Amino acid sequence: MNVNDAILDPYLAGALLAAFSVLWIFLGWWWGRGQDALDDFMLAGRRVGLALGTATAMATWVTASTTMVAPQFAYELGVWGMIGYSLGSVGLILFAPMAARIRRLMPAGYTSGDFIRLRYGVWAWRVFLVISLVYSMGWLVSLAMAGGVLIHALSGLPYHLGMSVILGICVIYTLLGGLRAVIGTDFIQTVIIITGIVLLGFLTISRVGFEDMHATLAQERPELLNLLMPASLMFLFNNLLFGMGEIFHSNVWWSRAFAFGEGVGFKAYLLAGLFWTPIPIAAGFVALAAPVIGLNVPRSDMVGPMIAANLLGTAGAVLVFVVVFSALASSLDSLLAATSDLILEDIYRKHLNPGASQQHLRRAGSVVIVGLGLLTWLVSLPNIDTLGKILHFTGSFVASTIWPVAAGLYWRKTNPTGALLGMVAGSVLGLVVYEMIGWYTAALVGAVVSMVLTVGTTLAAPRDFDWQDLQEEHKA
Amino acid sequence: MRIFATTFFAVALTLPLAAQSDSAPVWAGELELNSSGGYYSLNWAAAPGSDVTSFYLEEAASPDFAGADRDERRQVYDGEDSGTTISGKADGTYYYRVHGRKDDGSRTPWSKTLGVTVRHHSLPRAFAFLITGALVFLATAVMILGGYRRERSKS
Amino acid sequence: MMISVSFLSVLVTIALLVAAVAPAALLAFFVRDWRNGNIW
């Protein structure tokens, strides 16, 4: 089988796309009825329960990367590749207590930006916003481009079509249904994703036993079984800290902390993290079956779908297509919603139009979502490879926010200037080592520099803070 | 006579060239590759004008394939694809060559030999990164969990 | 340090089992939330 042959017939793929589009958009419309209040639209009424809360945290963190890159990591970096990727759940788990504290400290808060502004002041807030928006755009574009590329690789449908359809659907149902639509569809998508991965995993084991897998690898690709593989060891904590930085700072996770009902946040994030942990291993190990069945893999980023198609035929191809599509949509919608919240609250309301009424903001919110979708579409259209990889550059940026955010939440005396300097110096120095040493150092350096500055300035010059100052009243 | 001889030789020399539309496949990239993670991809293509339908890729530990024992040469791939991904290799240099096969069963000559040098990062360096990262992570986790416990004991 | 067959099989099997529990648990929570009027 040639990788140039799409594994799924384009008409079938088109039909699947159409069917799911109709489903998600219908649900978006249905759940969006009567959501005119800002708190309903942006934060689903601040009452989301445990089931939906856990599912949305999981679904959003399972991106197409998890389903496609996990097998690639397993194929290239072996066992540590999979286990290392699984450690991406640590960010979710550590965010559990933070989510509870966020809701307790700021029951009327809207965004991560609100917290940084009230906690550290205007300049730290602006630096934080730059980091947040660069990261958000990077993630949005990488998701949209991945959508186009994957749909094309799986079915032969043109890049522009796949990319536009996925982005368009997500914009429409997020527009119609707000955070409720995002969270509701996330639940369904989570069940689809995990069921698909588990099915493929068990089928792979039944066709290709562990004995054969181990024996073939030991003979042909021994380093994949090596616990002391240097490349994997080097990446391990860089990736973990990158993930922590992503989760700790991004409004995607903060908006959920505000949206979950009282007492739900801690449990939802903890469960989501625990359930997410096995997914890279379950999705990734199937790649190790390729050498056993003699499947040639010309491009390692296609190893997952190729295995599925090889072992399960058209059913496998459909499975992969549906799983990847669900993973993409469940992350895209969350990102669209949370980023437009950030723009609406921290740029529009706080910088441009502080006196805006709730109804006005509700309408402006819709405009921002459409604008954001349009911008993402325009940037993704030319399919410039380096743009899709911008997310990789943000490692030092996001990791530099870890200590400012966490120490800001838990220490009363954190020095605001230290937090500001930590974010700036961490981001910049991280970028420098990214260029000079390698990508696997960026997040690590960003985190270390920021930690040292935050802790150092706080020890040298602690600043008192009243937690009550985080409670800001908005006029209705 | 001279003209005849020149023409004769000219034709005689070009004939084999014309018949040699079964020339060897060509590699898509460099002939010398490096890998620090033990994984790399190899890509090749049939020579332009040749009607090759499949490829046969071979690996050996020394560049001298012809001299090497049968046992020391390993078949890596036999099929229609124009590329493959190798992974999990330990330190060392690995040599590759590929030839094409046509419908009638005949083969093209071997391609040029390609060499890949695998040199994993030094283990001490890898551990240095590992330990630094672990310390930063632990410090952060301790700080958060400490704060969490303080909060719980208050309420 | 090469991992053994047992390591590989235990690792992957546990991962698959935990992953398999997830949708079941989510659906169970959903039913409970629904009964309490607590979905969202």
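Predicted model: local features only at pLDDT ≥ 70, side-chain atom pairs only at ≥ 80, totals over all residues.

Student: Okay! Which chains have the most contacts between them?

Tutor: Contact here means heavy atoms within 4.5 Å. Two pairs of chains touch, and the most contacts are between chains A and B. There, 38 residues of chain B meet 48 residues of chain A. Chains B and C have no contact, and their closest C-alpha atoms are 12 Å apart.

Student: How do I put a size on an interface?

Tutor: For chains B and A that's about 3,700 Å², with 69% from carbon and sulfur atoms. For chains C and A, about 3,200 Å² is buried, and carbon and sulfur atoms give 83%. On the chain C side, Leu16(C), Leu26(C) and Trp40(C) lose the most area to chain A, together 26% of what that side buries.

Student: Now helices. How do I describe two that pack together?

Tutor: You give the angle between their axes and the distance between the axes. Helices are DSSP runs (H or I, at least four residues), numbered from the N terminus. Axes are lines fitted to C-alpha atoms over the stretch in contact, and angles run from 0 to 180 degrees between N-to-C directions. Within chain A, α3(A) (residues 50-61) packs on α8(A) (residues 159-207) at about 65°, with axes 8 Å apart. That angle makes α3(A) roughly perpendicular to α8(A); the cut-offs are under 35 degrees for roughly parallel, over 145 for roughly antiparallel, 65 to 115 for roughly perpendicular, and oblique for the rest. Among the residues in this contact are Ala55(A) of α3(A) and Phe187(A) of α8(A).

Student: What about helices from two chains?

Tutor: Look at α22(A) (residues 442-460) and α2(B) (residues 123-154): their axes come within 10 Å and cross at roughly 45°. So α22(A) is oblique to α2(B). The residues making this contact include Leu444(A) and Met451(A) from α22(A), and Phe129(B) and Val136(B) from α2(B).

Student: Last one: how many salt bridges does the structure hold?

Tutor: A salt bridge is a side-chain nitrogen of Lys or Arg within 4 Å of a carboxyl oxygen of Asp or Glu. Over all chains there are 14. The rule finds two across the interface of chains B and A, but zero across that of chains C and A. Glu151(B) and Arg101(A) form a salt bridge through their side chains, 2.9 Å from N to O. In chain A, Arg349(A) and Glu345(A) pair up at 3.0 Å, N to O. These two are four residues apart in helix α15 (residues 303-352), so about one helical turn separates Arg349(A) from Glu345(A).

Notes. Residues numbered from 1 in each chain as written. Chains lettered and ligands numbered in written order. Heavy atoms only, no water. Buried area = accessible area lost by both parts, 1.4 Å probe.
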